Each structure stands twice: as C-alpha cells, then as structure tokens.
Amino acid sequence: MEKKTIKVVAAIIRKDSKVFATQRGYGDYKDWWEFPGGKIEPGETPEAALAREIKEELDSEIAVEQYLTTVEHDYPEFHLSMDCYWCKVKSGKLTLLEHEAAKWLPLDNLRQVNWLPADVKVVEAIEKSQQSYQDINAETIDRWIREGWEWGKPISHECFDRAKNRDWDVLLTPTKPVPHEWLGELKGKRILGLASGGGQQMPVFAALGAICTVLDYSPLQLESERMVAEREVYDIRIIRGDMTKRLPFEDGEFDIIFHPVSNCYVEDVRPIWKECFRVLKPGGRLLAGTDHYINYIVDSEEKKIVNSLPFNPLRNLDQRRQLEEEDAGMQFSHSLEEQIGGQLEAGFRLLALYEDTNGEGRLHEMNIPTFLAMLSQKPN
C-alpha cells in the first residue's frame with residue numbers, strides 16, 4: 001500500500017553565522033530537534049505557508065529569502081516532502097508557543113543536537129551549501145570516479161608502451177583526437193596539464209619525453225596520475241590546486257598547456273585564460289577543450305529547449321535544482337565571447353579549432369556539435 005505524502009515547509013532562520021533550531025515537545029519524537037515549520041494548506045504557496053506557520057509557532061514575522069532544498073523522507077506511517085528555505089526575522093522575538101526549547105546553533109556545528117530523521121537531511125544540505133562550488137565539484141568528481149566515470153580511468157600499461165613507440169592519441173573533447181601537429185615534438189618540452197588529472201593524457205606526454213606538471217582539484221584524479229607514474233616509472237609534478245585562483249607557477253614557465261573540457265565547472269573563465277597566458281613562454285601554445293553551451297539549454301532527453309542562458313546555478317535556483325537532481329555537480333555555461341573572446345582579450349592568437357559532439361545521446365546522433373577544441377599561441 002502506497003504511503004500518504006504530507007507536504008510541509010521548514011524555515012532555516014539565520015542570524016549572522018547561526019541558525020534557529022526548535023525542540024519538539026510531543027509525540028513519538030518528543031525531545032528531538034527540528035527546523036520550525038509545518039503543513040502546506042490547500043491553495044497555499046510554500047512561502048505563504050511558512051510565514052503563517054512561523055507566526056503561529058513563534059509569534060514572529062519572517063522574510064522567506066531563498067530556497068535551499070526539498071527533503072524526501074519515509075517515516076513508518078507516511079512519506080514526508082519538505083521544502084526548506086533560508087529565512088530571517090522581520091519582527092518578533094521567536095517566542096516558543098508550541099516547542100519546548102530552542103537554541104541558536106553555529107553553522108559549523110549543527111550536529112550537536114539530536115535531529116529528527118528528515119531534518120538530518122536538511123542539515124546535510126546546509127553543510128553542503130556552505131561549501132564553495134569548487135569543493136562541491138571535487139567531491140562530485142571523486143564520487144563519479146568511484147562509480148567508474150569514463151574520464152577518471154587511467155590508461156593501461158599497453159597504451160603507455162604504444163605511446164613510447166609513437167602510436168598515440170589524446171582528447172580535449174569527447175570523441176575527436178587532437179591533431180598531433182597541434183602539440184609538435186614533445187621531447188624536453190615543459191607541459192602543464194591544467195585540470196587534466198585522471199592518468200589519461202599526461203602519461204602519454206611523459207612517454208613522448210615531455211617534462212610534465214599536472215594541476216587538478218580532484219584528489220582521486222591526482223591519485224590516478226600518481227599511480228600511473230609509479231607503475232611506468234617516470235617523474236611528474238602533481239599539484240592539487242584550484243584553477244580559479246592564481247596558478248602556483250612562474251611567469252613563462254611552460255611551453256604547452258593542455259586543458260581538456262573542464263571550465264564548465266567554473267563560473268568565470270576569463271581569469272583562467274589570463275593565467276594561462278602568464279605562465280606560458282612567448283611562442284607557447286594553449287590547447288583547450290570547451291563546452292559550446294548547447295548542452296545547458298536542452299532537457300535531459302535533448303529534445304526541448306528548457307533553460308535560459310547563461311546557465312548559472314549560483315544565480316538561478318531552478319538550474320541548481322536540476323544539477324542536484326542529476327548529481328551533476330556545479331556547472332556553468334559559457335558563451336563564445338567568454339571562450340574565444342576571453343583568450344583573445346588575454347593576448348592569445350587563435351591558430352586553429354574544431355568542433356565535437358557529446359559522443360552519445362540525441363544531439364550526437366543528429367551530429368549537432370556541443371564542444372569546441374582550440375589551439376592558441378602566446379605571441380613571441
């Protein structure tokens with residue numbers, strides 16, 4: 001028998017770096033802690049229901065500021081669906097009219113009380129919301145790798161041996177190999193793999209005699225690099241770093257930067273192009289794979305246009321919900337003005353480019369390009 005679903009709302013009332021928690025004074029979960037709120041009445045919006053409930057429970061008026069998450073939880077007798085919102089007090093003193101106790105809890109220590117089972121999930125969402133989007137992406141990518149993500153599988157020993165014998169290919173985008181002439185002779189060249197961990201490209205460059213450095217923010221991607229280097233006995237400088245920050249390298253340190261599709265996980269790409277320009281030698285080359293933005297406007301079946309641009313989950317809550325439902329980390333669309341124009345603004349000369357598809361799905365089957373690979377050069 002299907003359980004009855006009860007729709008409720010919860011207020012995460014914030015003051016400075018603390019949130020307001022209440023202790024239940026009745027029922028099976030007496031003395032457990034929860035975020036205040038209650039049932040949504042027929043015809044009410046979640047926001048209106050929340051304002052009414054807080055007035056009834058705490059004799060206060062609140063401003064409902066921002067959606068956080070929707071918690072789905074099965075209790076023995078019913079299914080709870082709880083919309084949760086960040087709120088602040090407009091007027092009133094949060095007087096307890098129904099709860100037996102309350103306290104302000106610091107955001108970095110929410111687990112000091114015994115939360116109701118559904119509210120534990122709210123706490124998890126709050127903790128996640130306090131992370132930078134870069135940390136969210138690192139955790140997401142590490143999880144994908146543990147689940148067998150294609151771009152987290154290091155090359156085999158046989159593939160490394162073939163590369164040593166000049167039989168090799170590498171990818172900037174999902175399906176099309178990079179033209180070898182884009183890289184040229186690699187022996188003795190200093191090459192930076194920017195957000196290029198995973199043990200797929202850098203081992204090939206090492207086999208071809210390059211002096212390799214890799215910077216990535218995913219610990220497991222870097223562990224793959226370390227594993228392949230130890231297996232094949234070559235040196236590589238491995239750095240965990242955030243490419244949205246100043247790169248930890250000297251001016252003019254590298255001959256080549258190899259930057260596969262990854263800036264879709266970054267909100268602002270223009271500073272990255274400027275940093276690439278800085279750390280390349282005069283005449284140095286930037287090989288970059290980027291997303292076209294088409295993937296961000298279509299639905300999951302790639303049949304309908306459903307999103308406006310730019311796609312930015314930090315500014316659009318509906319887009320953030322989409323990513324959370326798809327376990328897709330924090331992703332951002334970027335225009336050609338940002339991708340190509342940003343490189344030109346940084347000082348690069350664009351030498352060549354090609355387009356690529358997703359490699360699977362309806363857009364791929366229709367041969368609609370969704371990725372761009374670019375070869376750019378820092379002038380001498």
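The legends below describe close-up views of a predicted model. Local features need pLDDT of at least 70 and side-chain atom pairs pLDDT 80 or more, whereas totals for chains, interfaces and linings use all residues. Residues are numbered from 1 along each chain as its sequence is written, and side-chain values use heavy atoms, without hydrogens and water.

**View 1. Surroundings of Asn358.** Asn358 lies in the loop between strand E13 (349-356) and helix H11 (361-365); helices (H or I, at least four residues) and strands (E, at least two) are DSSP runs numbered from the N terminus. With a relative accessibility of 18%, Asn358 is buried (under 20% relative accessible area, 1.4 Å probe, protein chains only). Its side chain makes polar contacts with the side chains of Asn295, at 2.8 Å, and Thr370, at 2.7 Å. A polar contact is a pair of N or O atoms within 3.5 Å; within protein, one must be able to donate a hydrogen and the other to accept it, and residues adjacent in sequence count only if both atoms are side-chain atoms.

**View 2. The aromatic pair Phe35 and Trp115.** The structure holds 15 aromatic pairs (ring centres within 6.5 Å; Phe, Tyr and the six-membered ring of Trp). The ring centres of Phe35 and Trp115 are 4.5 Å apart and the planes meet at 20°, so this pair is stacked (planes under 30 degrees apart). The two residues are 80 residues apart in the chain, and both are buried.

**View 3. Charges over Trp rings.** Arg14 lies over the face of Trp86, 4.0 Å from the ring centre. The charged end of Lys15 is over the ring of Trp104, 4.6 Å from its centre. The criterion is NZ of Lys or CZ of Arg within 6 Å of the ring centre and within 35 degrees of the ring normal.

Technical notes
Buried means under 20% relative accessible area, exposed over 50%, partly exposed in between (1.4 Å probe, protein chains only). Contact means heavy atoms within 4.5 Å. Rings of Phe, Tyr and Trp (its six-membered ring) pair if their centres lie within 6.5 Å; planes under 30 degrees apart count as stacked, over 60 as edge-to-face and the rest as tilted. Lists of a residue's contacts leave out its neighbours within four places in sequence.
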